[in-house]
Amino acid sequence: MTTKRSITVTVNGQQHQTEVEPRMLLVHYLREVLDLTGTHIGCNTSQCGACVVMLNGEAIKSCTVLAVQADGGEVLTIEGLAPEGGLHPIQEGFWEKHGLQCGFCTPGMIMASYQLLKNNPHPTETEIRRGLEGNICRCTGYQNIVKAVQDASERMSTSAETPVPAGD
Amino acid sequence: MGIAAMLGTPVKRREDPRLITGQATYVDDIKLLGMLHMTVLRSPYGHARINTINTDAARQLPGVVAVYTAQDIKGTVGNIPVAAPLPPHITSGMGRRLPLAEEKVRFYGDPVAIVIAENRYIARDALDLIDVDYEPLPVAIDVEKAMQPDSPILYEEFKTNVATSMHPSSEQIDKIFADTVANGGVIVKERFVNQRLAPSPMETRGVVAEYRKSDKALSLWSSSQIPHLLRNYLAIQLGLEQNQVRVIVPEVGGGFGCKLNIYPEEALASFAAMKTGRPVKWIEDRDENLAATIHGRDQVNYLEAAATRDGKVVGLKFHVISDMGSYLQFFTDVIAIAFTLPMLSGCYDIPNIYSSCDTVFTNKAPTDAYRGAGRPEATYMVERAMDVIANELKRDPAEIRLLNFVQPEQFPHTMATGALYDSGNYGAALEKALDIIAYDKLREEQKQKRAQGKLMGIGISSYVEMCGIGPKGTTPFGLYESARVRIEQSGTVIVYTGTSPHGQGEETTFAQIVGNALSIPQEKVLVLHGDTDSTPEGRGTYGSRTTSVGGSAVFQATERLKEKMKTIAASMLEASASDIELEDEKFTVAGSPQKSVPFKKVAAAANTSNTLPPGIEPGLETTVFFEPEACTFPFGTHICVVEVDQDTGEPEITRYVAVDDCGKQLNPLIVAGQVHGGIAQGVGQAMYEEVVYNEDGQLLTSTFMDYAMPIAPELPHFELGHTVTPTNVNPLGVKGVGEAGTIGSTPAVAAAIADALGVAHIDMPLKSEKLWRIIHKQ
């Protein structure tokens, strides 16, 4: 076995120091070491986006990033998006507009939408569709996901207090 | 929202809060103490003899607990179950297999050995240390070549790859065709390839097995659509009693039919847990999912159609070849026979339908149910036939359809295929779709665009499908559905359903059914599913049957309890039960609104029992098994508009209108979602998706890099409309909508692209390269 490496990662505002194999994927680190199972694995080859999390403020596909690459960094996952017990406006949008069915792609889709709205708070439908082209949903046909992001965009522009969690 | 208006309203899904916050538990989220991980070694060949397997090095890798091959499981683990084995070959072993290949592998991805290790990384490492000596054999990949006598044979003892061959005499249909020609009519012929697809739910398959040796108790968590069927067949495979096996289906990340199956890994993980005494988890990688989970469709079909000069179709003649792949999974052998053949008249009143059918083994993954399961293939053939006829007669495709539809007053109607259609109004759905899209104006626009050299096309598809299976006798195990409903002392309700959702939102819909029937807020109703120890025996979720069959069981159980509550309320109000009404959470004496008792009080009286009148059994709990007497036939019309880029051949859907009729809509939000997703998958088949094997049997589409499903920018905004034609097949008047979009959309897109290019037919998937070659005659 390869020698383990010690990494320090801040996830959803909480710092963790862990010994990991250098080959361990970030998504396995989040899911199996930290028990944050909200981030999913859909394709293993970075096409589907079910594993999208924010690393140092940018959306990444955590199935093709090594845990050691996150050493010293800050990660935001679906579990840390909203304050305890509450919903982020994007989560509210997905619920309100029926933007999910089986829910498996949803955490990644929400995190990708988070990145999209951070860079472009008022996207057009075309911009939303292009912005989410790295995420595959097999259930919804994307129409209600577009509506969910539009809804979130409106909520976020009318709400002065959009939660800005740590890690971003 | 008024309680009375609860059914038919767009109630937000109660499932969502756990799903949008990452708190849902899918099978890979389950972690048990001492849990081991399983990986599967799979065949790199499409067809090969296994000479030897050496597992010594793998066993010696630190962290590996066990390695098993077919030799280890033989005699302990039974064959993969088949729902409805067809005689003669299949019952004598053709297409049957152990969960691990013995002697021969028959497709790329065929399981050969399993490794059980302390973690998934070690389990994966150990696969590379297993040495299998294969002797590669020639492969049968092309289904029509596989039917030839000189083809390599998958099951040598049967001397053919053809499992069933149904070729009734065609004398009668041939005469009708000859008469049609003699009378000045037309005959059109076409060959259609309905390509092989990968269902590709975003969550792959996965299982966790745990075994308690002391009392032979096996618990299996599986990402499945059929907990009870899985439990029953797994017990047989493992030699356990049914009540020693508990199947738990946690949150499921999509199924689309591919989890309506009993797979090798379910028995293998169970076997490993029984042997090692420790829980075993297996999570399928995507490349395994694309290689070894069932595929869908894969038919080659021949059509001949006879029509009069004025467009009346007088006969259709079909030859259906079903490529079953290498082995029989649960419904592999019956998809074409039971679901394609009965639907070959589509929405049309065609007096003569002839079909012949061959089901054939090839060196590919098994095919089985994928969203629509046999019905999309039928609809595609019939709808393409209508277009080819319209093209031949230079008539508008809408006009040809309207001319041939079964008329509303003809229902219930037995088609020439033998299928009994419950109800329908096909003309109304088509007219509505034409209206929404402003069809005449659109054809004008098309003329203008063509004049400018632009390739605009319009495609119409009027579909009908068969849902809500039952009835009795359709499968050896019965196709009923069940519900146990319990009204508790506090007035809250628990529903235990035998169905098993994987994204359909049935917790919400079922709560609406119960809330509406009991006039209580739907929030007071809890819906539980997926655990065979607590839910009544059910058949699972597939075939768009959950609401029509499972929902009807929920409805009838609730009504039964409501009647009991009325009797109790009558005694409390000193009135006759027949005078008691239930509204706004109160039981009231008809005509005397001041005489009432709250729902909660009656629930408390029933459950505490002391004040119940003599003769009334305490408690409010009942179980209903609902078995439909017939199937339902949802229908609709989809219209697709495309523009194909002259220079690149790239097609773009510019408008998409869908008018669907699924009977009564209990939750229009969920119905629309099902239609959207269904259309997306149907568009996927028409434009992008195709499982490809090369001539050596190697799978070329083994990642999402190569198996292309639609992404957001590739799909348009869908414009939906609906008509409502209730059915009397079930008490809710619902027909089913889970597969409608997929069935309706594929022919509409295919027709639009063919129309854009001015040709009668192009085989799918309609990728830009193929279209560019047609445009540029390359």
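Predicted model: local features only at pLDDT ≥ 70, side-chain atom pairs only at ≥ 80, totals over all residues.
**Domains of chain A**

I started with the contact between the two domains of chain A: 14 residues of domain 1 of chain A touch 12 residues of domain 2 of chain A. Contact here asks for C-beta atoms, placed from the backbone, within 7 Å. I noted that strand E3 (residues 52-55) of chain A gives the largest share of the domain 1 side, 3 residues. That side divides into 8 nonpolar, 6 polar and no charged residues. For the classes, Ala, Val, Leu, Ile, Met, Phe, Trp, Tyr, Cys and Pro count as nonpolar, Asp, Glu, Lys and Arg as charged, and the others, Gly among them, as polar.

I looked up the bounds too: domain 1 of chain A is 5-80 and domain 2 of chain A is 89-157, taken from an automatic or database domain assignment. Their C-alpha centres lie 21 Å apart.

Residues are numbered from 1 along each chain as its sequence is written, and chains are lettered from A and ligands numbered from 1 in the order in which they are written.

**Chain A against chain B**

Next I checked the contact of the two chains, which takes 39 residues from chain A and 41 residues from chain B. On the chain A side, I found that helices H2 (89-96), H3 (106-119), H4 (125-131) and H5 (143-158) of chain A each give two or more residues. H2(A) has the largest share, 4 residues. Helices (H or I, at least four residues) and strands (E, at least two) are DSSP runs, numbered from the N terminus. By class I get 16 nonpolar, 16 polar and 7 charged residues on this side.

**Two sheets in chain B**

I then went through an open antiparallel sheet of 3 strands, in the order E4-E2-E6 (chain B). Pairing takes at least two DSSP bridges between two strands. Strands E4 (104-105) and E6 (131-136) of chain B are the edges. Strand E2 (residues 48-54) of chain B is joined to E6(B) by 6 bridges, and I see B:Asn54 opposite B:Asp131.

The other sheet I looked up runs E22-E23-E24 (chain B), also open and antiparallel, with a twist that averages 35° from one strand to the next. E22(B) and strand E23 (residues 586-589) of chain B share 4 bridges, and B:Leu582 stands opposite B:Phe587. Helix H17 (residues 599-608) of chain B lies across E23 and E24 of chain B, at about 50° to E24(B). Axes are lines fitted to C-alpha atoms, for helices over the stretch in contact, and angles run from 0 to 180 degrees between N-to-C directions.
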